[in-house]
Amino acid sequence: QISGVQEPLGLRLRVEGQATITFPTVRDPSELRSDFNGKLVRFLHPDGADVAEGEPYVELEAMKMIMSLRSPNAGKIHHTSSAGA
């Protein structure tokens, strides 16, 4: 028997007695996303600024810890949500 569950990070299939397989959601390379949930504390660059690969671009708060997220590629930042979201 095979069962499937759609999760935030992709599709998880369970094959009874055999294995669990996860198919990650294909991501748009123009979107910067986090693998964990948290509150957007502040942007580290203004809207429209250039960001280098590996450079921190935003700070998130999760479980009372502040974490900086780093850009996986170089590009230009366009804010689509506000701090506190």
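Which side chains meet in a salt bridge at 3.1 Å, N to O? The pair is R12 and E7, where a salt bridge is a side-chain nitrogen of Lys or Arg within 4 Å of a carboxyl oxygen of Asp or Glu. The structure examined here is a predicted model, in which local features need pLDDT of at least 70 and side-chain atom pairs count only at pLDDT 80 or more, while totals for chains, interfaces and linings use all residues. Residues are numbered from 1 along each chain as its sequence is written, and side-chain values use heavy atoms, with hydrogens and water left out.

Three strands make up an open sheet, ordered β4-β6-β7, with antiparallel pairing. The edges are held by β4 and β7, each of which has a single partner strand, so one side of each lacks a neighbour in the sheet. On average, neighbouring strands of this sheet are turned by 30 degrees against each other, direction ignored; the axes behind such angles are lines fitted to C-alpha atoms, for helices over the stretch in contact, and angles run from 0 to 180 degrees between N-to-C directions. Strands here are DSSP runs of E with at least two residues, and helices are runs of H or I with at least four, numbered from the N terminus. Two strands count as paired if DSSP finds at least two bridges between them.

The two pairings can be taken in turn. Strands β4 and β6 run antiparallel and are joined by four bridges, with R42 standing opposite E59 in β6. Strand β6 (residues 56-62) pairs with strand β7 (residues 65-70) over six bridges, again in the antiparallel sense. Within this second pairing, E61 has I66 of β7 as its bridge partner. As a general point, side chains in a regular strand alternate between the two faces of the sheet.

E59 lies in strand β6 and is buried, with a relative accessible area of 15%. Its contacts, leaving aside neighbours within four places in sequence, are K39, L40, V41, R42, L44, I66, M67 and S68, a contact being heavy atoms within 4.5 Å. With R42, E59 forms a salt bridge whose closest N and O atoms are 2.9 Å apart. Because E59 lies in strand β6 and R42 in strand β4 (residues 39-43), the pair ties together parts that are 17 residues apart in sequence. R42, for its part, counts as partly exposed at 43% relative accessibility.

How many salt bridges does the rule give? The count comes to three. K76 is partly exposed, its relative accessible area being 49%, whereas D50 is exposed at 56%.

Finally, P24 belongs to strand β3 (residues 19-24). With a relative accessible area of 62%, P24 is exposed. Not counting residues up to four places away in sequence, P24 touches L9 and G10. The C-alpha atoms of P24 and L11 are separated by 6.4 Å, although the two residues are 13 residues apart along the chain.

Note on methods
Buried < 20%, exposed > 50% of the residue type's maximum accessible area, 1.4 Å probe, protein only.
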